[in-house]
Amino acid sequence: MEATTPPEVPKEERQWAALAHLSAFLILLVPVIGGVLGPLLVWIFRKDDMPFVRTQGREAINFQISVLVALAVSGLLLFVLVGLVLLPLVLLMNFVLIVVAAIQASDGRDYRYPFNLRLLR
């Protein structure tokens with residue numbers, strides 16, 4: 001069986017898709033909802049005319065919702081001290097995976113986050 005290569009994603013779509021992932025860093029300026037708000041805005045404005053942005057934006061939104069849930073659980077677990085370990089791990093994982101996803105998207109590769117609740121389909 002011969003491997004097929006995916007069709008070339010236009011540069012502008014790759015840039016917007018990378019921005020959809022990187023815009024999750026808006027959480028640094030707008031705590032709590034900023035991580036979801038950034039990808040959501042990119043997805044809303046570009047999903048209809050850019051298929052790659054539609055899939056990557058949706059993936060970024062779902063991941064940021066998953067991170068919010070993980071942060072909430074970690075915050076609750078601070079009372080039993082487990083959150084002291086989980087909270088920094090969730091934040092580090094979020095940072096690293098956002099950067100990896102943005103790099104993959106800018107290369108035109110469809111990236112799927114691990115540990116992702118896929119709520120938005």
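Tutor: Helices are DSSP runs of H or I with at least four residues, strands are DSSP runs of E with at least two, and both are numbered from the N terminus. The model is predicted: local features need pLDDT of at least 70, side-chain atom pairs count only at pLDDT 80 or more, and totals for chains, interfaces and linings use all residues. Residues are numbered from 1 along each chain as its sequence is written, and side-chain values use heavy atoms, with hydrogens and water left out.

Student: Which pattern does the protein follow, read along the sequence?
Tutor: Start with the inventory: the protein has 4 helices and 0 strands. Read along the sequence, the pattern is α-α-α-α.

Student: What share of the residues counts as buried?
Tutor: Buried means under 20% relative accessible area, exposed over 50%, and partly exposed in between (1.4 Å probe, protein chains only). The C-alpha trace spans about 50 × 35 × 20 Å along its principal axes. Of the 121 residues, the buried share is 36%.

Student: How are α2 and α3 oriented to each other?
Tutor: Two packed helices are described by the angle between their axes and the distance between the axes. Axes are lines fitted to C-alpha atoms, for helices over the stretch in contact, and angles run from 0 to 180 degrees between N-to-C directions; under 35 degrees counts as roughly parallel, over 145 as roughly antiparallel, 65 to 115 as roughly perpendicular and the rest as oblique. Helix α2 (residues 34-46) and helix α3 (residues 51-76) pack at about 160 degrees, with axes 9 Å apart. They are therefore roughly antiparallel.

Student: How many nonpolar residues are in the contact of α2 with α3?
Tutor: Contact means heavy atoms within 4.5 Å. Helix α2 supplies Gly35, Val36, Pro39, Leu40, Val42, Trp43 and Arg46, while α3 supplies Val53, Arg54, Gly57, Arg58, Ala60, Ile61, Gln64, Ile65 and Leu68. Ala, Val, Leu, Ile, Met, Phe, Trp, Tyr, Cys and Pro count as nonpolar, Asp, Glu, Lys and Arg as charged, and the others, Gly among them, as polar. The contact has 3 polar and 3 charged residues, and its nonpolar count is 10.

Student: Is the crossing of α2 and α3 left-handed or right-handed?
Tutor: Look at the near helix: turned anticlockwise from the far one by less than a right angle, the crossing is left-handed, and if clockwise, right-handed. For α2 and α3, the crossing is left-handed.

Student: How many charged residues are in the contact of α1 with α2?
Tutor: The two helices pack at about 150 degrees, with their axes 8 Å apart. The contact is made by Glu12, Trp16, Leu19 and Ala20 of α1 and Pro39, Val42 and Arg46 of α2. By class, there are 5 nonpolar and no polar residues, and the charged count is 2.

Student: Is α1 roughly parallel or roughly antiparallel to α3?
Tutor: Their axes come within 9 Å and cross at roughly 10 degrees. That makes the pair roughly parallel.

Student: How far apart in sequence are the parts tied together by Phe25 and Phe95?
Tutor: Rings of Phe, Tyr and Trp (its six-membered ring) pair if their centres lie within 6.5 Å; planes under 30 degrees apart count as stacked, over 60 as edge-to-face and the rest as tilted. The count here comes to 3 aromatic pairs. The Phe25 and Phe95 rings have centres 5.4 Å apart and planes at 50 degrees, so this pair is tilted. Phe25 lies in the loop between α1 (11-22) and α2, and Phe95 in helix α4 (residues 83-106), so the separation in sequence of these parts is 70 residues.

Student: Which residues do ring pairs link into a cluster?
Tutor: Tyr111 and Tyr113 form an edge-to-face pair, 5.2 Å centre to centre with 85 degrees between the planes. Both tyrosines are buried. Ring pairs link a cluster of Phe63, Tyr111 and Tyr113.

Student: What is the relative accessible area of Leu81?
Tutor: Most residues other than glycine have a negative phi. Phi of Leu81 is near 70 degrees, a positive value. Leu81 lies in the loop between α3 and α4. It counts as exposed, with a relative accessible area of 57%.

Student: What is the phi of Phe115 near?
Tutor: Phe115 sits in the segment after α4. It is exposed, at 67% relative accessible area. Its phi is positive, in a residue other than glycine, and near 55 degrees.
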